[in-house]
Amino acid sequence: MEKETNQLEKVIKLGLPKLEGRISTYYSEGAETRAQKLATDVTAMHAFYHERLGIQATVTLAVLNANDWIKVNSAPYGAPNVSMWSPPPVIFMPATSGGLAFKFMVGRKDAIPAELLSSYLEINQTTFETAADEFVDIIGFHELGHPLCGHYRIAPRCHWLNEYIASYFAYAFIAELKPESKKVFELLGRPSKARPKNTTLADFERLYAGVDDYGWYHGMFEAHIQQLYPKMGLQFLTELQRRFPTTGPTQRLPRPNPVPPEEVLEELEKFAPGFESWARSFQE
């Protein structure tokens with residue numbers, strides 16, 4: 001198989017300006033302020049997990065506009081992602097609004113109770129579109145969660161748990177240190193109201209990002225995480241490390257042979273009751 005080109009090398013070849021710091025950050029022309037904000041947030045999350053769980057992960061941040069994005073990243077513009085198959089990891093974040101993740105967030109608007117949305121917008125003197133943009137930034141925390149998971153030596157074993165854990169890393173940090181982001185997560189961390197064609201974890205394992213509505217699945221994960229974290233906190237991650245340890249490289253995702261969802265759910269049920277009933281709710 002042809003070796004995958006190192007994503008960091010691609011970014012460097014763009015010749016973009018760079019912010020130095022704990023998290024090296026490259027950014028497109030005109031995106032320095034946004035890059036500084038995202039770099040500060042990602043650095044703070046890294047410091048949180050270094051202090052609480054002893055994790056250190058080497059990552060680079062790339063804050064790119066659409067023109068630079070398409071030169072180095074095959075994902076649709078505005079879909080935050082992290083390159084995990086050609087280390088060192090690079091977290092890609094959009095420099096502007098209106099990309100794919102933003103559209104996913106807009107699609108969740110109808111799922112928010114009208115009174116809750118109206119109250120949030122009035123209290124925070126903001127717009128729904130601004131809140132949607134803020135959630136896109138939160139997805140950057142999720143992307144950092146992937147390499148943190150690897151360095152904490154957790155083997156997710158399947159695609160859905162891999163995504164769930166990354167969001168758990170993100171939410172734990174937000175719940176502890178980012179109260180304003182937590183409010184945004186509570187508002188938008190839910191599935192869209194329209195049920196997609198694919199609605200089972202088995203579908204997600206089979207199709208992964210090719211499911212009918214990838215954002216709907218993440219909304220299901222985010223809603224459940226908000227229920228689980230107050231009960232288990234960081235203990236959930238330490239239990240995962242104990243029960244799902246890595247046996248090989250620390251930054252490998254669960255492919256090409258993920259474990260069936262039922263097996264993983266059965267193991268999770270042993271220390272975090274409610275996962276199996278939650279999985280059944282996907283079809284209700």
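Reply: Helix 6 (residues 128-151) lies across strand 4 and strand 5, running at about 170 degrees to strand 5. Helices (H or I, at least four residues) and strands (E, at least two) are DSSP runs, numbered from the N terminus. Axes are lines fitted to C-alpha atoms, for helices over the stretch in contact, and angles run from 0 to 180 degrees between N-to-C directions. This is a predicted model, in which local features need pLDDT of at least 70, side-chain atom pairs count only at pLDDT 80 or more, and totals for chains, interfaces and linings use all residues. Residues are numbered from 1 along each chain as its sequence is written, and side-chain values use heavy atoms, leaving out hydrogens and water.

The open sheet has five strands in the order 1-2-3-5-4, with mixed pairing (two strands pair if DSSP finds at least two bridges between them). Strand 4 runs antiparallel to strand 5 (residues 90-94), and two bridges join them. Within this pair, asparagine 81 stands opposite phenylalanine 92 of strand 5.

Helix 2 also packs on the sheet, touching strands 1, 2, 3 and 5; its direction makes about 150 degrees with that of strand 3. Helix 2 (residues 32-53) packs against helix 6 at an angle of about 40 degrees, with the axes 10 Å apart. Among the residues making the contact (heavy atoms within 4.5 Å) are Leu38 and Met45 of helix 2 and Phe141 and Leu148 of helix 6.
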